[in-house]
Amino acid sequence: MTQTMTTTKEWKWAAAAVLAASLCANAVADRIVSADCALSADENWTADGLVTLSGATIDLAGHSLKVAAIGAYFATLRGAGAATA
């Protein structure tokens, strides 16, 4: 026997649970770079979702960096190489 949601309150709780789960899943998938770093090889971060540079510099050092999406707050990409989104 299956139980069905019949009240508005039950629907709201179910919707809130789904929203919370999706927000948590996105937070885990996203990558935040908050310290300077340099690539030592080509990198593919496309599975990390949104890559956010927060006050950091990524030195490509002649390598390529692939990302699904990128956002930046006071950040820099430098060095020979290629960054693609």
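**A salt bridge in its setting**

Tutor: In this predicted model, the protein exposes about 6000 Å², of which carbon and sulfur atoms supply 61%. Of its 85 residues, 16% count as buried. Among contacts in the protein with a separation of 6 or more, 4% are between residues 24 or more positions apart.

Against this background, the part to examine is the one salt bridge that the structure holds. Its partners are arginine 31 and aspartate 48, whose closest N and O atoms are 2.7 Å apart. Arginine 31 belongs to strand 1 (residues 31-33), whereas aspartate 48 lies in the loop between strand 3 (43-44) and strand 4 (50-54), so the pair ties together parts that are 17 residues apart in sequence. In general, side chains of opposite charge can pair when their charged atoms come close.

The two partners may also be described by their accessibility. Arginine 31 has 29% relative accessibility and therefore counts as partly exposed. Aspartate 48, at 19%, counts as buried because the cut-off for that class is under 20%.

Elsewhere in the protein, three strands form an open sheet in the order 2-5-8, with parallel pairing. Its edge strands, strand 2 (37-38) and strand 8 (76-78), each pair on one side only. Strand 5 (residues 57-59) pairs with strand 8 in the parallel sense over three bridges; aspartate 59 has arginine 78 in strand 8 as its bridge partner.

Note on methods
Residues numbered from 1 in each chain as written. Predicted model: local features only at pLDDT ≥ 70, side-chain atom pairs only at ≥ 80, totals over all residues. Heavy atoms only, no water. Pairing = 2+ DSSP bridges. Helix = DSSP H or I, 4+ residues; strand = E, 2+ residues; numbered from the N terminus. Buried < 20%, exposed > 50% of the residue type's maximum accessible area, 1.4 Å probe, protein only. Contact = heavy atoms within 4.5 Å. Areas by Shrake-Rupley, 256 points an atom, 1.4 Å probe, with all protein chains shown as cover. Salt bridge = Lys/Arg side-chain N within 4 Å of Asp/Glu carboxyl O.
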